[in-house]
Amino acid sequence: MKLIYSLLLTFLGFAITSAQQNYTVEGTVYDFHDKTFLENAEVKIGDFTAKTNKEGKFSFNNIPVGNYILIAKHPDCDDHTENIEVTQDLHLEITLEHHAEDIETVRLHGTHKKTGTVIIKTLDKADIERNSTENLGNLLSRLSGVTALKTGNNISKPVIRGLYGSRISILNNGVKMAEQEWGVEHAPNVDVNDFEHIDVIKGASALKYGSEGIGGVILLEPAPMPKKDTLMGNIKLSGISNGRGGEIAANAIKSWENNWFVKTGGTYKKLGDQMIPHHTLQNTGMEVNSFNFSFGKQSFMQGFEIAYSGINQEFGIYKGAHLGSPVDFYNAINYGQEYFYDNFSYDINSPRQEVEHHIGKVMAYQRFENFGKLTFQYSFQLNRRKEFDIRRRELNALPSMDLRLITHTASLTHLIERPNWSLESGISTGFQDNYPNPAAKARRLIPDYYKYDAGAFSVFKYKFNAKFNAEAAVRYDFSRYDAYKYYDASEWDDKYASLYPEFYVRKSDSRILARPILDFHNFSANLGLNYKPIRDFEVKLNLSRAERNPNPAELFADGLHHSAAIMEKGDLSIKKETAYNVNLSLAAQFNILKGLHIEANPYFMYSDSFINQIPTGIQSTNRGVFPIWTYQQIKARMYGLDAEAELKILDNLSLKSAFSTLRGDDLSNDEPLILMMPTKMRNSIEFKLNKPSNFYITLENDIVSQQKHFPVRNNDITFIDNGEMVIKTLDLSTPPQKYVSFNASIGADVFKNFNVNFRVNNIGNQYYKEYLNRLRYFMYEPGRNFILTLKYNF
């Protein structure tokens, strides 16, 4: 009996012990960024499975003792995997990498961030690829409220609601471009083939990128790195009829599953003289080549990137814009008399410009749980610009302007996100060195200067509920110019001697050497609201006050800007510019046919210190006859409307319209502002079949009105006519007539990895001029242009 009792007690002990070795495992799954609880996350422990509730909680009640692999999954998240040992009841906290949308940072891949308060317009991958032979200014003109300020038909810079140059910030893969962007002529040095998406943020509502962007910010974003072991890329070959040239571009990405990547690409483009209807414009060819390379590692928690990009551009400047005779100049301006037409050539002679731009970038980031994300970035930029004028004898081989601009910038930003709010703050510093080469043996348009910058910003975003969120931003910037510049003694004595005696260095013959040291303190702020009362209606409102420094041209310009065919005159006494902006967006969706989307964007800007450039005279030199454009500081007001509509008629057929109108007034002189965009409308109809061939056919129509609101700034010119000295008035003010033009494109995937795109610009081969082309007095816009692009993906 004792043996039986002993055996029973032993088995009972094993049973009790076994019963005690089943434990409870419970926990919470939440988002790594903002600690939001994740509902319906799937958690697996061995063969056991559970899902989280609204509070992100899960529970397992009877997990036997042992070692297990725990896997947590959620849509749009990276899986979480860890080893656990169950020897007691466990409570686990699991974080998943749910999203990577930083506040105010517009990531342009996959689903585009539309829920913020900033007002954004986008050119997607398809828009860029169909127009990849265009420059950035012409490409962005496809968006409402955006146009291009041109110097001829090759040099183009973007204009957002009448503002351009230093008032527009351009970010190239996260680096703010530092070029000679001041003035009306210098175009952005970028290759659009490098980017997958381009965003335009309208108005001064993105202070993270700097306070200079009073007009807006342009974000150029390359393709994202795939998170898998793959090699991918493309080769594009384009033939262009207008200019009888072409373009070849190639890009390649190699990535690995461990998040390492290498990327490279390049473009070469060559065109001869441009053609207007029935004529060729002499010396309007171009040659461009670019290269980019980057490598790094980009995981969710941490990463780095080392990148380089460089571009070299050579443009011919139409000879008919540089006329040595006052009589020829008068006839060209007032009567449109033709000079230097026909005789096609690939040669690029003086006048011309050569520009190269190099960017080096080092970026690294690290995420910390409960602390947020830290990002550090350093960039180096070298911009070298040579402008060649028609000069005599041995001087013809020397550039009349040779500028070298070196820029160093560094920044540190911190981002923290929580369920209902997020905060991003940062500091930055910069140094810039401008060196005009004296070997040019010509008067320096822009003098030697050093520029020192420091800034800080903070952007706070709060989500009140699913319908309403708000965003507030503040920014402070300090800048110092330290320049060396020669002034004519008479000008210095008349304008600056009594104002800035401390800048005087010495007198040399009839010239004064001055060393202006100018400090600027800029404070900017923005408030944005986003309200969506019902599913199909959304309201955005932005209120901002932004300050920017006068740029070097506005302060110091003095001489012939030959590629723009003007004399420029700056003013040392110009102060910082302050602008107040109101920016409203109303968007609605209607259930008409297959869907109608309408968006209206009225805006208003006022400045009591607006820096304006206007023609103030004519100067005849041994290098030709040129208008004088002078910088002035005035009170200004601008307001306008951008509107867009898209109607899906059928699943495969859509109609789009974009409308923009703008009015600018110089309140100080009681006259219209100069170079304001005329009212325009762009319409397009597209038929598209996504599968199997991605076939599409598009017809576009541009309607541009004549600018009726313009200042009369005509000047007199003196010359000998039939043996007598005469004074004639140059009509530098009257805008060109309105015009209507048509474009068309068609494309498809011919084979699995082979795409063909064919485009025709200016189908009717019409004569027309653009008001915002600074050489419109001497030339028409391009004639009909056939562009065939073959693309192979691998």
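1. **Confidence.** The mean pLDDT of the chain is 90, and 94% of its residues reach 70 or more.

2. **Two stretches to read with care.** Over residues 8-19 the pLDDT stays under 50, and the model shows zero contacts there beyond four places in sequence. Residues 100-113 also have a pLDDT below 50, but this stretch has 56 contacts in the model beyond near neighbours in sequence. Where pLDDT is low, the predicted coordinates should not be read in detail.

3. **A three-stranded sheet.** Now look for the open sheet whose strands run in the order β4-β1-β7, with mixed pairing. β4 (57-64) and β7 (90-96) are the edge strands; each has a single partner, so one side of each lacks a neighbour in the sheet. On average, neighbouring strands here are turned by 25° against each other, direction ignored.

4. **Inside that sheet.** Strand β1, covering residues 22-31, pairs with β7 in the parallel sense over seven bridges. For a landmark, find E26, which stands opposite H91 in β7.

5. **A residue worth a visit: T267.** You will find T267 in strand β17, residues 260-271. Is T267 buried or exposed? Its relative accessible area is 9%, and because the cut-off for buried is under 20%, T267 counts as buried.

6. Beyond its neighbours within four places in sequence, T267 is in contact with several residues, including N193, E247, I248 and V288. D191 is another contact, and the side chains of T267 and D191 are joined by a polar contact of 2.5 Å. S290 lies 23 residues from T267 along the chain, yet their C-alpha atoms are separated by 5.2 Å.

Methods: Residues numbered from 1 in each chain as written. Predicted model: local features only at pLDDT ≥ 70, side-chain atom pairs only at ≥ 80, totals over all residues. Heavy atoms only, no water. pLDDT = per-residue confidence, 0-100. Contact = heavy atoms within 4.5 Å. Pairing = 2+ DSSP bridges. Helix = DSSP H or I, 4+ residues; strand = E, 2+ residues; numbered from the N terminus. Axes fitted to C-alpha atoms, helices over the stretch in contact; angles between N-to-C directions. Buried < 20%, exposed > 50% of the residue type's maximum accessible area, 1.4 Å probe, protein only. Polar contact = N/O pair within 3.5 Å; in protein donor to acceptor, adjacent residues only side chain to side chain.
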